[in-house]
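Thanks for coming. Please have the structure open.

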Amino acid sequence: MKPYIGIAGVTTRQQAKAITGQFYSNAVGAGGNGHYGLMGYCLTSEMINGHDDRVDPRYIKLDDLNVLYFKQPFGRNAIHYSPHPEAPDDYFTSDLYSIFMGKGSEIYKSGAGMVLQINRAFNVSPDLLANIKDAEEGMLPALEIIFQVGPERITDMTPGELVARLDPYSKNISAILLDSSFGTGRKMNVQSFAPYIKALEKVFPDKILVFAGGLNPENAAAQVSALGQLTTRPFSIDVESGVRNEGDELDLYKTEAFIQRAAEEFERLYHSPIVSVPHSTLG
């Protein structure tokens with residue numbers, strides 16, 4: 001997995017197509033040496049199993065995930081999945097099957113959605129994740145997993161405790177997301193992340209670090225710059241609340257401004273152009 005600029009809460013093909021164009025216009029590519037664009041589609045276990053029929057502008061219904069089949073050469077797709085904290089393990093397995101391989105779904109087979117962000121990921125056991133990713137018998141061995149560490153874990157755990165808690169999962173995840181907001185718009189305190197970043201980079205040098213929390217077009221450049229002073233390698237960012245309008249709908253003017261300012265700051269930090277290169281496996 002390469003570092004990325006993420007836009008979460010995409011729900012329609014029109015939005016996906018527009019954001020793909022914004023990635024392209026700002027030279028955020030799916031290949032090359034720089035960041036790629038990642039579009040996040042949010043859904044919960046309750047929604048998958050018919051226990052939550054709300055209409056929410058941030059969430060997509062299981063039956064509407066065919067939006068991912070739209071060819072997006074300059075952006076990748078990620079399912080942002082929230083498991084129920086009290087559900088047994090077989091619910092998790094069943095949910096992933098429904099998303100990626102169920103009736104009418106070609107998401108995994110087509111390569112359209114090969115990234116899974118697990119929100120509140122400690123609710124899933126390390127053994128279950130290992131079974132899903134098993135190279136010979138696993139259901140989704142090629143899946144790239146973003147492991148979300150929510151705000152309560154960052155405040156309640158020391159850096160050493162967090163590393164120890166993550167260690168059993170480490171073989172089966174591609175990225176670690178430090179999220180101080182969980183979709184509420186609460187701004188991250190970059191300096192408070194410093195000891196966690198140091199510990200995570202030391203123990204997990206092969207994992208992409210991702211940061212979220214209160215990002216928006218106005219502070220994107222400043223926050224990326226501040227985070228860049230704390231890390232030893234390129235990192236990812238993800239935005240949700242900061243690119244929505246008063247009706248909580250995705251605002252495409254805001255997504256374009258966010259992508260532009262973040263991409264410019266990443267290019268300045270790493271002195272490497274972010275090149276747009278189509279990738280044949282993208283959906």
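Start at Phe211, which is buried, with a relative accessible area of 0%. Keep in mind that this is a predicted model. Phe235 counts as buried too, at 0% relative accessibility.

Now the pairs. A pair of aromatic rings is described by the distance of the centres and the angle of the planes. How many aromatic pairs are there? The count comes to nine.

Take Phe122 and Tyr169 as one of them. The ring centres of Phe122 and Tyr169 are 5.7 Å apart and the planes are at 70°, so this pair is edge-to-face. Where do the two residues lie? Phe122 is in the loop between strand S4 (115–118) and helix H5 (126–133), and Tyr169 is in the loop between helix H7 (159–166) and strand S6 (175–179), so the pair ties together parts that are 47 residues apart in sequence. Both Phe122 and Tyr169 are buried.

Back to Phe211 and its partner. The rings of Phe211 and Phe235 have centres 5.6 Å apart and planes at 75°, so they are also edge-to-face. Phe211 belongs to strand S7 (residues 208–212), while Phe235 is in the loop between helix H9 (220–228) and strand S8 (236–239), so here the parts tied together are 24 residues apart in sequence. Phe211 and Phe235 belong to one aromatic cluster with Phe193, Phe266 and Tyr270.

Next, the nonpolar cores. The largest has 74 residues, and those that touch the most other members are Ile7, Tyr41, Ile79 and Phe100. What does Ile79 touch, leaving out residues up to four places away in sequence? The list is Tyr41, Leu43, Leu65, Leu68, Ile99, Phe100, Val115, Leu116 and Gln117. There is also a second, separate core of eleven residues, with Tyr36, Ala78, Ile146 and Ile208 among them.

Last, the empty space. Rolling a probe the size of a water molecule over the atoms shows where empty space is left. Searching the whole structure gives one cavity of 30 Å³ or more. The largest cavity holds about 80 Å³ of space. Its lining is made of 13 residues, of which Pro83, His84, Ala87, Pro88 and Phe92 are the closest to its centre. Which helix gives the most to this lining? Helix H3 (residues 89–100) does, with four residues.

That is the end of the talk.

Definitions and conventions. Residues numbered from 1 in each chain as written. Predicted model: local features only at pLDDT ≥ 70, side-chain atom pairs only at ≥ 80, totals over all residues. Heavy atoms only, no water. Phe/Tyr/Trp six-rings, centres within 6.5 Å; stacked < 30°, edge-to-face > 60°. Buried < 20%, exposed > 50% of the residue type's maximum accessible area, 1.4 Å probe, protein only. Core = buried A, V, L, I, M, F, W, Y, C linked by side-chain atoms within 4.5 Å. Contact = heavy atoms within 4.5 Å. 1 Å grid on protein atoms, 1.4 Å probe; cavity = no way out; pocket = protein on both sides within 12 Å on 5 of 7 lines; lining within 4 Å. Points joined across faces, edges and corners; volume = space filled by probe spheres on them.
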